[in-house]
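Subject: Structure handover and notes

Dear colleague,

I am passing on the structure we discussed, together with some notes on what was found in it. Please read the notes beside the coordinates.

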Amino acid sequence: MNFITLIGRLTKDAELTVLPNGKTNIIKFSLAVERDYKDKEGKKPVDFINCEYVMNNDLSKLASFIKKGNQIAVNGSLNIDKVKESYFTKVKVSKITLLGGKADSEAPLKEAIKEAEEMDEDVPF
């Protein structure tokens, strides 16, 4: 089974792309994820993980909440792509959860995520 859960902070604002078909939206972002141990200098090493969230509906509202510095959790699958002689790892996200922050700032995000997921259920594959 290929399933991954990560918790980290966004390194920059999300990038939203709408494909030419006008339906498929892609949100790309990078997470800074701390490891669970400290190095010799007493600091926790950080990994930078590229993530991609794809849906067949408008994700502009959701993308507006995915901002640099916010802490989020993502669930998805690990993908490794080969381009020429290089390998690139990314997470294909299936779920995004906002962590921390003020309660009033979380409500609109949860609403946007729920709305996007409900719309995606109507699309036959």
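To begin with one of the loops, K84 is found in the loop between β5 and β6, where strands (E, at least two residues) and helices (H or I, at least four residues) are DSSP runs numbered from the N terminus. This is a predicted model, in which local features need pLDDT of at least 70 and side-chain atom pairs count only at pLDDT 80 or more, while totals for chains, interfaces and linings use all residues. Residues are numbered from 1 along each chain as its sequence is written, and side-chain values use heavy atoms, with hydrogens and water left out.

K84 has a positive phi of about 55° although it is not a glycine; most residues other than glycine have a negative phi. K84 counts as exposed because its relative accessible area is 75%, the classes being buried under 20%, exposed over 50% and partly exposed in between, with a 1.4 Å probe and protein chains only.

T24, in the loop between β2 (15-18) and β3 (25-34), is by contrast buried, with a relative accessible area of 10%. Its side chain makes a polar contact with the side chain of N56 at 2.8 Å (a pair of N or O atoms within 3.5 Å; within protein, one must be able to donate a hydrogen and the other to accept it, and residues adjacent in sequence count only if both atoms are side-chain atoms). Beyond four places in sequence, T24 touches T17, V18, L19, V54, M55 and N56, contact meaning heavy atoms within 4.5 Å.

L16, in strand β2, is partly exposed at 35% relative accessibility, and its contacts beyond four places in sequence include I27, L59 and A63.

As for strand pairing, which requires at least two DSSP bridges between two strands, β1 runs antiparallel to β5, joined by 6 bridges, and G8 stands opposite I72 in β5. β1 also runs antiparallel to β3, with 2 bridges, and R9 has A32 in β3 as its bridge partner.
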